[in-house]
Amino acid sequence: MLGYIDKIREISKRLLDEGRVDMVIGFRKGTMPMMNEPAFVKTPGEVSTLVWDSNCGINLANYLTDRKEKIGVIAKGCDSRNIVTHLLENKTKRDKLVIIGVPCKGMIDRRRITAMFDDEVREVTEEGDVITVKGTGFEKKLKKAEILQDNCSKCIHRNPVLYDELAAPLVEEQKDIDRYADVRLIEAMSPQEKWQYFEDLLSPCIRCYACRNACPLCYCPTCFVDEARPQWVGKSQDPIDIRTFHFLRAYHCAGRCTDCGACERACPVGIKIRQFTSKLNRDCLDMFGWEAGLSLDQRPPLDTFKPGDPGDFIK
Amino acid sequence: MKVIKIDKKDWTGGIKKIQDSYRLFGPVKGEKFHDFKELGKGELPDLNFSNTRLSPKSIVYPQSEIMFEYSLDEKDSDHHIMKDAAKNYSPRAVLGIRPCDASAFLLVKRNFDTPEYRDPYWIRAYEATTFIGAACNNPCSTCFCTTAGSGPFNEEGLDILLSDAGDCWYAKAITEKGEKLLNAAGWSKAAAGGSLKKIESLKKEAEARISSSILTDQLKNKKTTELYEAPFWEDVSFACINCGTCTYLCPTCWCFDIQDENSGCSGVRMKNWDSCMFPLFTNHGTGHNPRGTKLHRVRQRFMHKLKYYVDKYDNGIQCVGCGRCIRSCPVNIDIRRVCDMMNSYDPKACACPVK
């Protein structure tokens, strides 16, 4: 995907030169291996700071919420689906956006790669499908397909669903992917086992809210956990409050989550937060044939009613 | 102060003895990373680590701490009276704390232990604690302790400094508290004459491995209002998602919030970590928020650490260079970059020194 960057810069420069956008939102090179920083450029002279590689996992739709400028935004498959969701939920306007679509080949899993080595990973470079990891006294080549973020390895919408410009030819979508193996494992557990599983899953949570804040869906002006008058949720490390936060947040994402993985990527203590949203995503697929963010012409299942909707839960 | 040689075969036995008279905390490898935990009897700290994901500040300053308890049941004679919660301030020891994290306690102390105000919970827990540092032979690429007032062998804030000399530990007793703990462990073999030299050479090697640095020399001279109004804050804050990762992982962030929580007819008053990154942090009862945008909040964090603190205490920056906020920031906001922008800011040049 390194090859995309010249085209991304060329498009960005043109959009800024022609005054079609006030800024382009993309990534600049990070200060650590496997990290890039979301950034904006406002002048054609700055486009050389934009980068694109396998470390652009942050969902840039999150940076569009309620902005008033005309924006060029770089969008891989999941970002574009969250832009669609933003448009459906009136968090941005189509005529304010120029979407620079990036056919994506997946983002690499920084935490997994870091955990593979005893010593610090000091440099990571990529060439095609080979990722080279270097540290003091070691160097290892890894196949990109084997170290993708979990959500990317299960992604079947790598190409942007909505775009005005394209940074590269569309890529082949992954087929015959078992996307919900984890969900089935949990579904097969007894209630006690499930309880313990989620207890263990959430036990490292420090309530920093990085998962929520990295999520483009979480734009409520005041999140329920921040509601102070009256206060809804306690502020301590009480497991009941921690559970309440994660469970409610997950349900609030039902039918809207694009499985972009921003929440897991952001979590400083490595909680697999998608264990919640994956189940809801699969239920939406099973019950409503719905995947979020694929079309501007259809309302999401949870904000509309159709006579054929499943009603088994009404007894 | 004297240097004790601890043969590695005497390590386990000494730790067991320490636990006879101290609650012992140390780094333990969880599923994915190391963190400080209270060690069970006979449980050993795992010192094969670079640093813990979370800082050890919670050993003295827990994320949630109950201060008072009360009853709301009018049948109770002492209903509606705040009573001190039971506390355990028996001696505790932290084995394996990194020197950067230990020096952070001194820095936090300037806030919690002042002539005007003394935080009894923090002070009593701090005074009950003996800090046994593990010098850092292999600092990370994100460590910049040597230019942030600390260092891989820095002794400030420590009672004992352990240096790993391969086949043995050298334990340098820095305070009386430290000597007392060494006695409790039964570690008493004085190291041979060359040990201080050996520690000094390990220290030089470790310092030479620090590859990252910041400049802070101009921060004090900068005008607060000019830094506050600098144009680079839009660029610095853009990526920020306003989560609490940087502040919660930071060994020097000290802000907290006080909450009452009732359950049925009883309740507690507690303090919980808070974060200047959260909008609620400064939300007024009126609904007005003086730090209403993320730019305000990001600027506050850096101005507090790198300007307000510098001016108020005249004792360096409110940062020890542990690098946690850099390593764990979900969007790669880097305090080293921001510090350099602030330190080199020239409002007359005004062209934004960003790119």
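1. Hairpin in chain B. In this predicted model, S2(B) and S3(B) make a hairpin, with four residues between the two strands. Strand S2 covers residues 23–29 of chain B and strand S3 covers residues 34–38. They run antiparallel and are joined by five bridges. B:Lys29 stands opposite B:His34 of S3(B).

2. Helix pair in chain B. Helix H9 (residues 294–313) and helix H11 (residues 335–343) of chain B have axes that come within 11 Å. The axes cross at roughly 60 degrees. H9(B) is therefore oblique to H11(B). The crossing of H9(B) past H11(B) is right-handed. H9(B) supplies B:Phe302, B:Leu306 and B:Lys307 to the contact. H11(B) supplies B:Val338, B:Cys339 and B:Met342. By class, the residues of this contact of H9(B) with H11(B) are five nonpolar, one charged and no polar.

3. Sheet in chain A. Chain A has an open sheet of five strands, ordered S2-S1-S3-S4-S8. Its pairing is mixed. Strand S2 (36–41) and strand S8 (165–166) of chain A are the edge strands, each pairing on one side only. Inspect S3 and S4 of chain A for a parallel pair: residues 71–75 run alongside residues 97–101 over five bridges. There, A:Ile71 stands opposite A:Leu97 of S4(A).

4. Helix on that sheet. Helix H1 (residues 4–17) of chain A packs on the sheet. H1 touches strand S1 (23–29), S2, S3, S4 and S8 of chain A. The direction of H1 makes about 150 degrees with that of S1(A).

5. Domains of chain A. Domain 1 of chain A gives 17 residues to the contact, and domain 2 of chain A gives 16 residues. On the domain 1 side of chain A, the residues touching domain 2 are seven nonpolar, seven polar and three charged.

6. Contact between the chains. Chain B contributes 34 residues and chain A contributes 32 residues.

Methods
Residues are numbered from 1 along each chain as its sequence is written. Chains are lettered from A and ligands numbered from 1 in the order in which they are written. This is a predicted model: local features need pLDDT of at least 70, side-chain atom pairs count only at pLDDT 80 or more; totals for chains, interfaces and linings use all residues. Two residues are in contact if their C-beta atoms, placed from the backbone, lie within 7 Å. Ala, Val, Leu, Ile, Met, Phe, Trp, Tyr, Cys and Pro count as nonpolar, Asp, Glu, Lys and Arg as charged, and the others, Gly among them, as polar. Two strands pair if DSSP finds at least two bridges between them. Axes are lines fitted to C-alpha atoms, for helices over the stretch in contact, and angles run from 0 to 180 degrees between N-to-C directions. Angles under 35 degrees count as roughly parallel, over 145 as roughly antiparallel, 65 to 115 as roughly perpendicular and the rest as oblique. A crossing is left-handed if the near helix is turned anticlockwise from the far one by less than a right angle, and right-handed if clockwise.
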